[in-house]
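Welcome! Take a moment to look over the sequence and the fold below, and then we will walk through some of the details together.

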Amino acid sequence: MAGFPRLLSPISLRGHELRNRVVFTAHTASFSQDGIPGARARAYYEARAAGGAGLIVVEPLPVLQSGGVTPQNYRFEDEGFGPALRATVEAVHAHGTALVSQLYHLGPNADPVATMRDLWSVSGGPPPGGGPGLMHELDDEDIDELVDGHVRAARTARSAGVDGVECMFAYDTLVDGFMSEARNRRSDGYGGTLENRLRLAREILDALRAALGDEPLLGVTVTASMPGYVDAVAHLAEHCDVDYFGIGNGDYDNLDLLMPTLDYEPGFGIPFARSVKQAVPAAVVLAEGRITRPEIGERALAEGSCDLVGMTRAQIADPDLVRKAEAGEEAEIRECVGLNLCVARRLRKFPIACVQNPDAGFELRAVPRAATARHVVVVGGGIAGLEAARVAAEAGHRVTLLERAPSLGGQVALTAGLPRQGAHRYLIDWRARRLERLGVHVELGVDADADAVLRLEPDFVVVATGSEPGQRYPGAISAVDVLRGAEASGPVVVLDEEGHRKGAGVAETLANAGREVTLVGDGVAPAGSLVHTLADAPTRRRLQAAGVRLVRGVRVVSVESDRVVVEREGTHEAIRAASVVHAGRHRPADSLLTVLRDRGLAATTAGDARAPGLVEDAIRSGHDVAAAL
Ligand SMILES: Cc1cc2nc3c(=O)[nH]c(=O)nc-3n(C[C@H](O)[C@H](O)[C@H](O)COP(=O)(O)O)c2cc1C
């Protein structure tokens, strides 16, 4: 409590005591089994309750079939839903955490492939993204059905014991489509004035209060991206019996603001909540958006920006965040980096996962204590080696980690040096601290050959020796070498084979250092592979601001001493270059594996040494290799 008196202080909402201000806000985690919250979802929520969350908002219930987005959406009308939700409620309540169910209808942003229904929208029009056909404009009967759907979903959730429900009126979905002056073109009683545009929201909230009675919590979320959101909250606060207002950001056209990546400042969402709190001081306001550490939430409360603090990805990354804050162990928090693997998987309609926390969503499969402790030697202190060493040590093995460089982190440490990518350090630093706590013997500056490894008499060796740039163009400098300090004089052409952070980051770094830079996507769009994690938009904006020329829709034909030749739809084009930087695919640096095996040691590769990939692949690989010991 000492460090975070406000964040950890209780708050009473309509007689429901929240033990602190930390909220695990609604997110479509997609852990359902056949549309019901099964053992996996229960364990996921229970872990966050055990870790101290004050309030958990359970993944949304689409109130009508036309409102959903994934095949895993909950189906509240299915037999078995109520009892399964009750089991989750009981598991969460047992830890003293309150729990509400989110209700939504995604309207234009539902997915007809998942729902097999037409798209619903306030005023019809083409579907988002400009697909074929037109959306269905709600008529009075649909409105009745929508209100009724909210009531039926809420009744089911309430019968299962939830403390209340939350209505998602946010992100350019159905109800905020009505609220939005720009999107609502209706001429009936639901269009025109603010009062008319908010009529549907009021009808839903009034119907819910009437159906549920006075006791349960009723929350609403809105998005700060909707012009007039403060007035909308003021109106609903005045006319409806609402217990809290969640203030999100962004919408389906600007998902990067809804789930801001590490490219955005920590605490990004707080000013939007503050605008509401200042205008409607009596409203209980929930701030959301990249609140990654307790001190950020504490500050937001201290400055009067909000009453509740959403820390969602923060608690995906560390279920025990609150408990650690309470115990004064905030240095132990496994901090959300903002890499949005969770979002990438949600957008591809898979259950979420976490880069920082490979156990998120796998709470039922936690690595057990080893029956026999073995001596595990990990060669390589990049991120895969760090994770392998950590997991092996947590399981009770004796672990030695050898790293050639004078410091830990490998390529992730280089990535952390790219513009706005510093949060990558959390991946390294948290693991390094954990290794220290677990008593792992770490040796830096050791070029471990087979003899050196054999001398340690390991029972098992993890070869996590990383990868090297593939040398496809002899005259080019590798991106990794540029980041290690190799000189690249301008004009520079950066050849990007992957469309990920390496190419974009090195181009931006060079441009910031005053070079004239052209970033050429070789068969890929620059930053194109960042699209699912939502980092593409902020990355491209920064590249443009730095003056980097982006070239896409081409293939590289040749790299010559003073130019790069590319082909675009059969036509060749030369781009002048004093230096060429190659941000290409890496190849595994795995030669140690065969030598060790030839000499009779049990060994395997992990991370890039196995298959060069993304940081999440390396961490998962290190984790799984150690978990299998
Ligand atoms: C994978 C994922 C799915 C989400 N799904 C929903 C959702 O279904 N409903 C909703 O209101 N917000 C949803 N959100 C938004 C979160 O509630 C929250 O506003 C956002 O993650 C920013 O908060 P954070 O930085 O603390 O994670 C989702 C977020 C994530 C990461």
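Let's begin with helix H1, whose buried residues are Ala41, Arg42, Tyr44, Tyr45, Glu46, Ala47, Arg48 and Ala49. Buried here means that 20 or more other C-beta atoms lie within 10 Å of a residue's own; with 12 or fewer a residue is exposed, in between it is partly exposed, and C-beta atoms are placed from the backbone. The cover over these buried residues includes strand E3 (22-24), strand E4 (55-62), helix H2 (81-93) and H12. Helices (H or I, at least four residues) and strands (E, at least two) are DSSP runs, numbered from the N terminus.

H1 runs over residues 39-50, and its 12 residues should span 16 Å at 1.5 Å a residue; the end C-alpha atoms are 16 Å apart, so the two agree. That expected span is 1.5 Å times one less than the number of residues. Just after H1 comes Gly52, with a positive phi of about 115°.

## How to read the model

This is a predicted model, in which local features need pLDDT of at least 70 and side-chain atom pairs count only at pLDDT 80 or more, while totals for chains, interfaces and linings use all residues. Residue numbers start from 1 along each chain as its sequence is written.

## The protein as a whole

The protein has 23 helices and 26 strands. Of its 629 residues, 54% count as buried. Its C-alpha atoms fill a box of roughly 75 × 65 × 45 Å along the principal axes.

## Around the ligand

Which residues are closest to the ligand? They are Thr25, His27, Glu288, Thr312 and Arg313, part of a shell of 24 residues.

## A closer look at Ala160

Ala160 sits in the loop between helix H4 (140-159) and strand E8 (164-168). Is Ala160 buried or exposed? It counts as buried, because it has 22 C-beta neighbours inside 10 Å.

Leaving aside neighbours within four places in sequence, Ala160 is in contact with Gly82, Leu85, Arg86 and Val89. Contact means that the C-beta atoms of two residues, placed from the backbone, lie within 7 Å. Phe81 is 79 residues away from Ala160 along the chain, yet their C-alpha atoms are separated by 8.9 Å.

Definitions and conventions. A residue is near a molecule or strand if its C-beta atom, placed from the backbone, lies within 6 Å of it.
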